[in-house]
Amino acid sequence: MPLTFEGVSYSYTNPEHQKKRRARRAKRGAAEEPPSVQAHGKPVWGTDPNAIWALRDISFQLRDGEFLGIAGHTGSGKSTLVQHLNGLVHPTRGRVLFAGRDVADKRVAQECRGQVGMVFQYPEHQLFAATVYDDVAFGPRNLGIAGDELEQRVRRALERVGLAFDDVRDKSPFELSGGQQRRVAFAGVLAMEPRVLVLDEPMAGLDPVGRAEFLDLVAGLHAGGLTVVMVSHSMDDLARLADRILVLNEGELFALGTPEEVFARGEELRAIGLDVPAAQRLAHELRTCGFSLPRALYDDESLADDLAAQLTGAAQAKGNAHA
Ligand SMILES: Nc1ncnc2c1ncn2[C@@H]1O[C@H](COP(=O)(O)OP(=O)(O)OP(=O)(O)O)[C@@H](O)[C@H]1O
Ligand SMILES: [Mg+2]
C-alpha cells in the first residue's frame, strides 16, 4: 500500500507569513521570488507574490515497511509535507496517491486516515479524556469498536508504548509525567492499528534519557512491521534509524536517498543550514589527516572501533620497527 507524491506543491496565502519568509530568504542571501505570472487566470507555480509555496513540485514514493526520515531547516516544509500523508492537507498542485488512488477523493482520504496514524509535535497537548483508558479508546470507539475488542486494543496499544495497562488505565492522563503523557498520546494513535506511523518531531522537549527511550520505542515499532515516517532535526537519530532520508530546502526536494548517499553531500547540506552526524563529520576530518576510514556511514561506536584498530595496528608496527 505505497503512498505516492506526484508533483505536489502546496501554498499558504497568509501575507504575514509571507513577509517573514521573504525576510528569512533575504537573510540567507537567497534570491527574491519572481513576480506573479498568470496562466489561464491562475498564478504560475511559485510566482504569485501573495502565495507562500511551502512545498514545490515534490515527487517520491513511500515504500511499504521502510523508515523514511524527513530533514530540513525550520520552515522548509516538513510539517506541511507529512500532513499530506493522511489527507489532512490536500495539494494545491499535483496529487497524493494512496495505493494508486487520489487522496483528494473523500472515501480514499477516509481509508487513508484509517491506515496512516499521525503523531504531532507535543502530542500530549491533545490529551483530553478523564482517564487514560478513555483517551486511548477514543479513536477505536469512533471506528465502532466496543466491548472486549476495544479493551484488547487499548491494552495492546499501552503495552506497545511500555505502559502497564492495569497501572494506568484509570488514572487521569494529567497526573502522569510528561514522558508518560506522550506515551499515552502515542498509544491513542497505535490503538487505531495503523500500517503507517507518521511522527513530526516526536522527541522534541524530552531529556536525553526520554529521547533514547522514545527512539527505541519507534525503532521497535518499525522492527515490528510498521512503515515509519519521522521528521527530525537530529541527523544522528536519522542516521541511526532511517532506511532513507528526504531532505527539504525551501519547500523543494533537496535530496532523497540512503543515509550514506545523503551524508556524502556534507558540504551541500551545510550550505542549506543542516549538518551531518557528528561521527560522520569527525570521520571526514580524520580522513583528511591521513586516517583510512573505509565505511560510508559511521556512528560513534563504529568510528571508535575502526580508530582503535588502526591506532593499535600503528603502535604494533612501531614496536616491531624498534625491535
Ligand atoms: N498556517 C500557515 N499559514 C501560512 N503559512 C504557513 C502556515 N504554516 C506554515 N506556513 C509556512 O509554510 C512554510 C513551511 O512551514 P512548515 O511548518 O511546513 O515547516 P517545517 O519544516 O515543519 O518547520 P519547523 O522545523 O519549524 O517545524 C514556512 O514558510 C511557514 O512559515
Ligand atoms: Mg514543523
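1. Basis of the note. The structure is a predicted model, in which local features need pLDDT of at least 70 and side-chain atom pairs count only at pLDDT 80 or more, while totals for chains, interfaces and linings use all residues. Residues are numbered from 1 along each chain as its sequence is written, chains are lettered from A and ligands numbered from 1 in the order in which they are written, and side-chain values use heavy atoms, with hydrogens and water left out.

2. S5 pairs in the parallel sense with strand S10 (residues 227–231) over 4 bridges, where two strands pair if DSSP finds at least two bridges between them, and Val228 in S10 is the bridge partner of Phe67. With strand S11 (residues 244–249), S5 also pairs in the parallel sense, over 5 bridges, and here Ala71 has Val247 as its bridge partner.

3. An open sheet. Four strands in the order S4-S1-S6-S7 form an open sheet with antiparallel pairing. Strand S4 (52–62) and S7 stand at the edges with a single partner strand each, so one side of each is left without a neighbour in the sheet. Strand S1 (residues 3–12) pairs with S4 over 7 bridges in the antiparallel sense, and Val8 stands opposite Ile58 in S4.

4. Two residues with positive phi. Ala99, in the loop between strand S6 (93–98) and strand S7 (101–102), has a phi near 50°, a positive value in a residue other than glycine, and Ala99 counts as partly exposed because its relative accessibility is 39%. Phi of Glu201 is likewise positive, near 50°; Glu201 is found in the loop between strand S9 (196–200) and helix H8 (208–223) and counts as buried at 12% relative accessibility.

5. Salt bridges. The structure holds 19 salt bridges, each being a side-chain nitrogen of Lys or Arg within 4 Å of a carboxyl oxygen of Asp or Glu. One of them joins Arg28 and Glu250, whose closest N and O atoms are 2.3 Å apart. This pair links distant parts of the chain, 222 residues apart, with Arg28 in the loop between helix H1 (15–27) and strand S2 (38–39) and Glu250 in the loop between S11 and strand S12 (252–257). Arg28 is partly exposed at 39% relative accessibility, whereas Glu250 is buried at 12%.

6. Further charged contacts. Arg155 and Glu159 meet in a salt bridge of 4.0 Å, N to O, and both lie in helix H5 (residues 147–160), 4 residues apart, about one turn of the helix. Elsewhere, Glu267, Arg270, Asp275 and Arg281 are linked in a network of salt bridges.

Key: Buried means under 20% relative accessible area, exposed over 50%, partly exposed in between (1.4 Å probe, protein chains only).
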